[in-house]
Amino acid sequence: MPVNPLHGVAIVGAYNTKQARRLDVPETDVLLGAMRGALRSAGLTHADVDGMHCTSSVRRWSARETAMWLGGRPVWTGTSDVGIPAVIEAALAISAGLCET
């Protein structure tokens with residue numbers, strides 16, 4: 001029987017941002033708010049994160065730059081597109097031992 005490479009990998013935090021056609025705040029504020037909300041939901045802080053993937057349908061984000069905004073320095077950063085590919089890439093990085101959180 002094949003081994004599932006994602007065995008033991010879990011999403012532990014999630015957060016929904018305000019949705020609208022046009023928001024009154026910069027996209028960076030929405031991104032950082034979503035990240036802080038997901039960390040809070042998981043009971044983690046930015047210091048607990050050693051891997052990061054952040055993308056947007058509006059523009060490409062530098063995961064390393066975004067991590068520095070939060071005060072962290074990830075050992076792994078993702079490069080895939082938004083949505084499910086980003087989630088799968090992050091899960092596989094954890095499974096492969098490239099990062100833990």
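Colleague: Which residues of α1 are buried?

Modeller: In this predicted model, the buried residues of α1 are L31, L32, M35, G37 and L39.

Colleague: And what covers them?

Modeller: The cover over the buried residues of α1 includes β1, residues 51–52, and also α2.

Colleague: How long is α1, and what span would be expected?

Modeller: Helix α1 has 16 residues. From its first C-alpha to its last it reaches 23 Å, close to the 22 Å expected at 1.5 Å a residue.

Colleague: What comes just after α1?

Modeller: Just after α1 there is G43, which takes a positive phi of about 75°.

Colleague: Let me step back to the whole chain. How many helices and strands does it have?

Modeller: There are three helices and two strands in the chain. Along the sequence they follow the pattern α-β-α-β-α. The radius of gyration is 14 Å, close to the 13 Å from the globule rule for 101 residues, so the chain is as compact as a globular protein of that length.

Colleague: What box do the C-alpha atoms fill?

Modeller: Taken along the principal axes, the box is roughly 50 × 25 × 25 Å.

Colleague: How much of the chain counts as buried, and what about its surface?

Modeller: Of the 101 residues, 26% count as buried. The accessible surface comes to about 7,200 Å², and 56% of that belongs to carbon and sulfur atoms.

Colleague: Which residues make up the largest nonpolar core?

Modeller: That core has eight residues in all: L31, L32, M35, M52, C54, A63, A67 and L70. The elements giving two or more residues to this core are α1, residues 27–42, and α2, residues 63–70.

Colleague: Take L70 from that list. Where does it lie, and is it buried or exposed?

Modeller: L70 lies in helix α2. Its relative accessibility is 10%, and L70 therefore counts as buried, the cut-off being under 20%.

Colleague: What does L70 touch?

Modeller: Not counting residues up to four places away in sequence, L70 touches L32, M35, R36, H46 and M52. The C-alpha atoms of L70 and H46 are separated by 6.2 Å, although these residues are 24 apart along the chain.

Colleague: What is A63 in contact with?

Modeller: Leaving aside neighbours within four places in sequence, A63 is in contact with M52, C54 and T77.

Colleague: Moving on to α3, which of its residues are buried?

Modeller: In α3 the buried residues are A86, A91 and A93. They cover an arc of only 160° around the axis, so they are on the same side of α3. What covers the buried residues of α3 includes β2, residues 76–77.

Colleague: What span should α3 have?

Modeller: Helix α3, residues 84–95, has 12 residues and should span 16 Å at 1.5 Å a residue. Its end C-alpha atoms are 16 Å apart, which agrees. After α3 comes G97, whose phi is positive, near 85°.

Colleague: Where is G78 found, and which residues is it in contact with?

Modeller: G78 is found in the loop between β2 and α3. At 14% relative accessibility, G78 counts as buried. Leaving aside neighbours within four places in sequence, G78 is in contact with M52, H53 and E89. G78 and M52 are 26 residues apart in sequence, and their C-alpha atoms are 6.3 Å apart in space.

Key
Residues are numbered from 1 along each chain as its sequence is written. This is a predicted model: local features need pLDDT of at least 70, side-chain atom pairs count only at pLDDT 80 or more; totals for chains, interfaces and linings use all residues. Side-chain values use heavy atoms; hydrogens and water are left out. A nonpolar core is a set of buried Ala, Val, Leu, Ile, Met, Phe, Trp, Tyr and Cys residues joined through side-chain atoms within 4.5 Å. Buried means under 20% relative accessible area, exposed over 50%, partly exposed in between (1.4 Å probe, protein chains only). Helices (H or I, at least four residues) and strands (E, at least two) are DSSP runs, numbered from the N terminus. Contact means heavy atoms within 4.5 Å. The expected span of a helix is 1.5 Å times one less than its number of residues. The radius of gyration is taken over C-alpha atoms; the globule rule is 2.2 Å times the number of residues to the power 0.38. Accessible areas come from the Shrake-Rupley method with a 1.4 Å probe; for residues, only the protein chains shown count as cover. The arc is that of the directions from the helix axis to the C-beta atoms.
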